[in-house]
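Please open the model in your viewer and follow the stops below, selecting the named residues at each one.

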Amino acid sequence: MTPVPVAVLVSGGGTNLQALLDALRDSAARVARVVASGADAGALERARRAGVPTAVLAHPDDPDEVVTASGGARLVVLAGYLKRIPPAAVARLRWRVINIHPALLPAFGGPGMYGSRVHQAVLASGVALTGATVHYVDEEYDRGPIIAQWPVPVRPGDTPETLAARVLAVEHRLLPQVVMELARLGVPEKPVRLAASGSAFVVADQPSVRVGESRG
Ligand code: GRF
C-alpha cells in the first residue's frame, strides 16, 4: 500500500514533528512536506535533516496559500502550529486537518491557550487529570470534534514545566498512533473517534475518555 502523504504544519521546535518522522517510517503514512508559519521555526531544520521538502508561509491567513502549501497531502497535521487555519481552507480540507493540544479538550483550550499557559491554567484549576488531545480542526481554535485523548495524572508538586514534559511525552506517542490509524482507514471523509486498545488506537464504539474520569 502506498503510504498516505501527510503535510505537517509547525511554528516551533518540532518535537512532535520528530516523533512523526521517527514513528512513520515503513508505516501507512509518510511525512511528505513540512510547512512553517515562520522561517525561524526550529522544526524546519528537523525536516531538512530528514530530507523532507519544506515551505514557509508568507501569509498564514491566506486560504489559497495554506491549501497550496499542503501540496495535495491527504492529511494535514498541526504539530505546534500557532496560527488559525483560515475558514475557507478548513472548508476545502474538511475532516483532513487534525491538531494536537496539550490538555484534555474541551477544557483548557481556545484562543491564547498554548504552551505553558495551558499547564499553568491546569495547575491553577486543581484538576487531578490533564493529558493530550488530537482533534479535527474547524473554524475555531481547539473546538473541532475529538479524535483521541490520552490522560496524564497531575502530581503533587507539579510545575508547569514538569507537567508540560510529561504531557509532551504522551503527545509524542498519541499523535503518530492517530496519524497511522487514520492513514490505515484511508483518512475517512467523516469524523472518526479512536480509543486505546492495548498499545494502539482503534475506532471507538464508545466515546473516548471524558475530562475528570480516570481510566482505572
Ligand atoms: C506541543 O505541546 C503541542 O501540543 C502544542 O505546542 C507544543 C509544540 O511542541 N500545540 P513542538 O513544537 O512539537 O515541540
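Begin by selecting Y136, which is buried at a relative accessible area of 1%, where buried means under 20% relative accessible area, exposed over 50%, and partly exposed in between, with a 1.4 Å probe and protein chains only. The model is a predicted one, in which local features need pLDDT of at least 70 and side-chain atom pairs count only at pLDDT 80 or more, while totals for chains, interfaces and linings use all residues. Residues are numbered from 1 along each chain as its sequence is written, and side-chain values use heavy atoms, with hydrogens and water left out.

The structure holds 1 aromatic pair, and because the ring centres of W95 and Y136 lie 5.1 Å apart with their planes at 85 degrees, the pair is edge-to-face. Rings of Phe, Tyr and Trp (its six-membered ring) pair if their centres lie within 6.5 Å, with planes under 30 degrees apart counted as stacked, over 60 as edge-to-face and the rest as tilted. This pair links distant parts of the chain, since W95 sits in the loop between α4 and β5 and Y136 in strand β6, 41 residues apart. W95, at 23% relative accessibility, counts as partly exposed. Helices (H or I, at least four residues) and strands (E, at least two) are DSSP runs, numbered from the N terminus.

Stay in the loop between α4 (87–92) and β5 (97–101) and select R94, whose side chain meets that of E139 in a salt bridge (2.7 Å, N to O). A salt bridge is a side-chain nitrogen of Lys or Arg within 4 Å of a carboxyl oxygen of Asp or Glu. R94 is partly exposed at 33%, as is E139 at 22%.

Another joins R25 and D22 (3.8 Å, N to O), with R25 exposed at 56% and D22 partly exposed at 40%.

Now colour the strands. An open sheet of 7 strands runs in the order β3-β2-β1-β4-β5-β6-β7, with mixed pairing, and its edge strands, β3 (54–56) and β7, each pair on one side only. Two strands pair if DSSP finds at least two bridges between them; β4 (residues 75–78) and β5, which run parallel, are joined by 3 bridges. Within this pairing, V77 stands opposite I98 in β5.

Show helix α6 again: α6 packs on the sheet, touching β1 (4–10), β2 (29–36), β4, β5, β6 and β7, and its direction makes about 150 degrees with that of β7. Contact means heavy atoms within 4.5 Å, and axes are lines fitted to C-alpha atoms, for helices over the stretch in contact, with angles running from 0 to 180 degrees between N-to-C directions.

Finally, select V8, I98 and V179, which have the most contacts inside the largest nonpolar core, a set of 42 residues. To this core α6 gives the most, with 8 residues. A nonpolar core is a set of buried Ala, Val, Leu, Ile, Met, Phe, Trp, Tyr and Cys residues joined through side-chain atoms within 4.5 Å.
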